[in-house]
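Hi there,

Here is the structure I promised to pass on to you.

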Amino acid sequence: MDTNAKQIIFIDIDGTLVDDYGHVPESAQLACRQARANGHLLFLCTGRSKAEIYDSIWEIGFDGLIGAGGGYVEIGNEVLYHKKVQSQDVRHMVDFFNEHGVHFYLESNSALYASSMLRPQLERLIYGDVLNDEQARARMEQSPHPFIEGLTYGETDLYKDDVNKVCFLESSLPFAMIQQEFEGKFEVIQCTVPIFGKDSGELMIPGIHKAIAIADLLEHLGESQAHTIAIGDGMNDAEMLEYCNVGIAMGNAKPGLIAIADEVTDTLEQDGLYKSFLKHGLLAETSASLSS
């Protein structure tokens, strides 16, 4: 890779840039700011919808967003495209999940709409038994998770017409049964947030993934694939790691992603993103360094 050329870097959020508690390590913030100061372009490339990109993330400084797993592309203040779930498929999903007691939330660019019992389930997963455990309740009160606070609750009509995708928590319903139910309507993939459970998942519009969105963005910018770097940790990052010139898996990545990556860096907690940026010369001009 030509370290003197401007690179275009595509960065996953959960497990790559942000930990389970919504925190971005200082090392990752430093790496992103200084790489961008050196003239490289940085794009968030995530399964999250725009409503989940909190100010604390934007304030680090990025040139745009590929959201909803590739269904939404934004460059600066310009929206390149926004693909939405068809209304009849939203209705089918809402009715099916409600009938089978699956907790879920709808992702749109304006808000994240929670199903009726999602909040107490999320509180148990993130904090513990907040009703009976004083320490769990204290954790919730002292460190409210931005994700829980960012959801919209109490919507009686979840038949929304601006849905990007849907996330559901692990339930008694087998993952394979959910895949079968929505075959041909949704691409059903494993969720990339560990605390949601191994049989949690995401319902995506078929034919959408991060690599397609990256290719469209590069064409729009007139930039070359030869100067691209992707870094991620989940299987919804597989296509982008394979497509970009350099595909980097975090040390905490899924085994399947590690198997196809060009290289593996350290975990999020071990400053993996910073170390990968340093290795590829993205920080050299500013002599970025971590405090000891």
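This is a predicted model: local features need pLDDT of at least 70, side-chain atom pairs count only at pLDDT 80 or more; totals for chains, interfaces and linings use all residues.

**Pocket and cavity**

The largest pocket holds about 440 Å³ of space. Its lining is made up of 33 residues, and those nearest the centre are Asp-14, Asp-20, Thr-192, Val-193 and Pro-194. If you want to find the pocket by secondary structure, strand 6 (104-107), helix 6 (146-150) and strand 8 (165-168) are the elements that each give two or more residues to the lining. By residue class, the pocket lining splits into 13 nonpolar, eight polar and twelve charged.

Searching the whole structure also turned up one cavity of 30 Å³ or more. The largest cavity contains about 30 Å³ of space. Around it you will see Ala-68, Gly-71, Asn-164, Lys-165, Met-204, Ile-205 and Ile-208. Four of these lining residues are nonpolar, two are polar and one is charged.

**Helix 1 and helix 11**

Two packed helices are described by the angle between their axes and the distance between the axes. For helix 1 (residues 26-37) and helix 11 (residues 272-279), the angle is about 30 degrees and the axes are 7 Å apart. The crossing of helix 1 with helix 11 is left-handed. On the helix 1 side, the contact uses Ser-27, Ala-28, Leu-30, Ala-31, Cys-32 and Ala-35, while helix 11 brings Leu-273, Tyr-274 and Phe-277. Eight residues of this contact are nonpolar, one is polar and none is charged.

Which residues of helix 11 are buried? They are Gly-272, Leu-273, Tyr-274, Ser-276 and Phe-277. The cover over them includes helix 1 along with strand 1 (8-11), strand 2 (41-45), strand 11 (228-232) and strand 12 (246-249). After helix 11 comes Gly-281, which has a positive phi near 75 degrees.

**Phe-168**

One side chain I would point you to is Phe-168, which sits in strand 8. Is Phe-168 buried or exposed? Phe-168 counts as buried because its relative accessible area is 0%, and the cut-off for buried is under 20%. Setting aside neighbours within four places in sequence, Phe-168 has contacts that include Phe-97, Val-102, His-103, Phe-104, Phe-175, Ile-178 and Val-188. Also among its contacts is the run Asp-199, Ser-200, Gly-201, Glu-202 and Leu-203. Leu-106 is 62 residues away from Phe-168 along the chain, yet their C-alpha atoms are separated by 8.9 Å.

Happy viewing, and best wishes

Methods:
Residues are numbered from 1 along each chain as its sequence is written. Side-chain values use heavy atoms; hydrogens and water are left out. On a 1 Å grid over the protein atoms alone, a cavity is a set of points where a 1.4 Å probe fits but cannot get out, and a pocket is an open set with protein on both sides within 12 Å along at least five of seven lines; lining residues have an atom within 4 Å of a point. Grid points are joined across faces, edges and corners, and a volume is the space filled by probe spheres set on the points. Ala, Val, Leu, Ile, Met, Phe, Trp, Tyr, Cys and Pro count as nonpolar, Asp, Glu, Lys and Arg as charged, and the others, Gly among them, as polar. Axes are lines fitted to C-alpha atoms, for helices over the stretch in contact, and angles run from 0 to 180 degrees between N-to-C directions. Helices (H or I, at least four residues) and strands (E, at least two) are DSSP runs, numbered from the N terminus. A crossing is left-handed if the near helix is turned anticlockwise from the far one by less than a right angle, and right-handed if clockwise. Contact means heavy atoms within 4.5 Å. Buried means under 20% relative accessible area, exposed over 50%, partly exposed in between (1.4 Å probe, protein chains only).
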